[in-house]
Amino acid sequence: MNDKPQGLTAARLIYQDRTNRVMELKAQGRKIMGYMCLYPPVEMMTALGLVPFRIFGRYGEPTSSADTVLTPVVCHFLRSMVDQGMKGNYSFLDGIIGSHTCDIGSVAVHIWKDYIPEPNFVYFIDVPHTDHLPAQEYFKGQILDLKRKMEEFAEQEITDSMLAEAIALHNRQRQLVRELYELRKADPSPLSGTENLEVMVALCSLPVEEGNELLQQVIEEVKERSQEQLDERARVLVWGTVLDNSALLQVIEESGASVVIDDTCVGTRAYWDDVPVGGDPWDALARRNLVDLKCPRTYRQASFGQLKRDYDAELTSRFAYLKSMAEDWKVEGVILQSLKYCDGHGYDVPGIRHYLDTLGIPSIYVEHDYTEGSLAPIHTRIEAFIETIKL
Amino acid sequence: MSHNQTPLYFAGVDIGSTMSKVVIIDEEQNLRAAVIGPTGAEHRRRANEVMIEALGQVGIALESVAFIVATGYGRLNVPFAEQQVTEITCHARGVMTLFPEVTTIIDIGGQDAKALRIQNHKIVDFITNDKCAAGTGRFLEVIAETLDLPLYDMSQISLKSSRPLQITSICTIFAQQEVIRYLSEGAALSDVLAGMHDATAARVVRMAHRIGIQAPVVFTGGVALNPAMVRAMEDNLGCPVMVPSNPLITGALGAAAIARDKYHRLTAEGRIPAVSARRLEEIRLFEGGAKT
């Protein structure tokens, strides 16, 4: 057909230079909408013809500008993200939608408004920290407010059919991602965690249709890979904070493990649940993004308002999804990783470890700070952990 | 097993941040050689030197060692090892060889401290200090240098204290300043030193509590040679600790035991490691020293 890179090669190129494709699209007149975390509904951007572009930091680049406005005790991912904004590296964005993911996430939106002149459109969507019905109602109100602001920005209304079409496209993407993950159930997995991450990062940097096309190519390519017969590597699940760079996964995979599944937001969390269709789409968006999306930033209880203590029931209601992942992907160990200062993830660690203990799945917790330097001291711990599974 | 005329030897090489250790065992797991030397800056040459000395103790050539496992910080710099295994796994194995009943292992080395929980002869959880030097041998060295006291004297003076002072800083530099401030205020040296040992032990024990501490506890690493630290650990743990007669070599001993296992597993699978091919390469390295 042509010489355009396909599949995994194409994904790697976009991973290495995320703005590659969106700059071309921008030159053609498309508007690029940046968003922070998974809470702003990408379906609304797609419906209006905007290209959703997830805002990350720049892994490994020392921060400088952000250090003038942030205290030392700030998650290094958000620090780097703000830093990139202050350095003007996101000035190509036509708009930004930030969200109340966590406290520093909110502050990041503030700083963006206060210190970074471009773009003009910076919206902050409030996301409740609980997932019960009143919270869903409130979040739906926030989404509808965002809808009005986005319509003004794009000078166009989001009609029901436009939204339905966008939801279908994004649900298709989720289905394709799950199909790709399905292939990793094989032992050995034909796709490494490192390669998978490159694809996931590419998806956050492309219009949904192009992402879907890329996914189809990747799935075909991975299906054609010949299976090695012998694989003594331990199959691990990686849980935790945002991984927009493969350095940690490489350390894990060089230490004798194969990352077969993850519970992270540039991975399964973004794609595991569809937006339900058939009912009110705004209810569906609110429910999917607040309830189905499993980030520790949301406080979950087995039953709200219940005084009775039932630790096991709480753990099960919060973490049972990890059990099915572990069973279906034949997981032999779990690596819980977190960026330093991420309170949300940090506080979930004891509960998750207890839960995994009850399942008989070994786990380890490691912290890092968005630099490769911080991986050196945990390299040996990860290796030792893998040795406890397979030596 | 007809070729089994010559005795089998297995070696463990532990290149730590401060010290390099080599242990050679035989088929019956008897300790045949144990050598300790400083690591210094030239990991590669140091590994060779310590190895040559250990081979000399047994009176064998390098080719007579059936399998070698390297461990420790410098494990990748041991060109003659067949396999690298982390010091965490090796320490556990070495200690279990000496104390089969062990449940908790606390190891304090030159620049790290670790705690391991053992169940049914397996590591079920472990924790290491991956942030700073407080609570490690290096901390004690810094204080010893500041006071211009040999480590041994520092330990002995400390044991004479009846009222240890409290050192509250967890940072090495701040703790050092606290020690100096106490001394400038006229506090007894023994009380200050006892407080310093206590603070070091308390820090490691706090870390170890995160994985759960259960007796029997074995205390290893270079710092376990310090009687004041042994006492401080027991005070902080609230139970006695067992210290191997040579607490520095448990990692190398474990590496040697793992080498023995590995050799037998590979032999059973018909995949005996090709020792001869590798030896030549590394004899050249011996002659050339640390040119690379």
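1. A word on terms before the details: helices (H or I, at least four residues) and strands (E, at least two) are DSSP runs, numbered from the N terminus. This is a predicted model, in which local features need pLDDT of at least 70 and side-chain atom pairs count only at pLDDT 80 or more, while totals for chains, interfaces and linings use all residues. Residues are numbered from 1 along each chain as its sequence is written, with chains lettered from A and ligands numbered from 1 in the order in which they are written.

2. Let me begin with chain A as a whole. Chain A has 15 helices and eight strands. Its radius of gyration is 20 Å, close to the 21 Å that the globule rule gives for 391 residues, so chain A is as compact as a globular protein of that length. (The radius is taken over C-alpha atoms, and the rule is 2.2 Å times the number of residues to the power 0.38.) Along the principal axes, the C-alpha atoms of chain A fill a box of roughly 65 × 60 × 50 Å.

3. A residue is buried if 20 or more other C-beta atoms lie within 10 Å of its own, exposed if 12 or fewer, and partly exposed in between, with C-beta atoms placed from the backbone. By that count, 48% of the 391 residues of chain A are buried. Two residues are in contact if their C-beta atoms, placed from the backbone, lie within 7 Å. Among contacts in chain A between residues at least 6 apart in sequence, 75% join residues at least 24 apart.

4. Now to the sheet. In chain A, four strands make an open, parallel sheet in the order S6-S5-S7-S8; two strands pair if DSSP finds at least two bridges between them. Strand S6 (257-263) and strand S8 (363-368) of chain A are the edge strands, each pairing on one side only. On average, neighbouring strands of this sheet are turned by 30° against each other, direction ignored. For such angles, axes are lines fitted to C-alpha atoms, for helices over the stretch in contact, and values run from 0 to 180 degrees between N-to-C directions.

5. The pairings can be followed across the sheet. Strand S5 (residues 234-240) of chain A is joined to S6(A) by six bridges in the parallel sense, and here Trp239(A) has Asp263(A) as its bridge partner. S5(A) also pairs with S7(A), again parallel, over five bridges; Gly240(A) is partnered there by Gln337(A). S7(A) and S8(A) run parallel and share six bridges, with Leu336(A) opposite Tyr365(A).

6. Which residues cover the two faces of S7(A)? Gly333(A), Ile335(A), Gln337(A) and Leu339(A) are buried on one side, and Val334(A), Leu336(A) and Ser338(A) are buried on the other. In a regular strand the side chains alternate between the two faces of the sheet. Seven of the seven residues of S7(A) are buried, so this strand is largely enclosed by the rest of the structure. Helix H14 (residues 343-359) of chain A lies across S5, S7 and S8 of chain A, at about 170° to S7(A).

7. Some backbone details deserve a look. The peptide bond between Glu118(A) and Pro119(A) is cis, with omega about -5°, and Pro119(A) sits in the loop between helix H5 (103-115) and strand S4 (121-125) of chain A. In chain B, a cis bond with omega near -5° leads from Ala215(B) to Pro216(B).

8. Is Cys37(A) buried or exposed? With 24 C-beta neighbours inside 10 Å, Cys37(A) counts as buried. Cys37(A) has a positive phi of about 60° although it is not a glycine, and it lies in the loop between strand S1 (32-35) and helix H3 (42-47) of chain A. His121(B), also not a glycine, has a positive phi of about 60°, but His121(B) is exposed, with 10 other C-beta atoms within 10 Å.

9. Finally, the contact between the chains. Chain B and chain A each give nine residues to it. On the side of chain B, S8(B) supplies the largest share, four residues.
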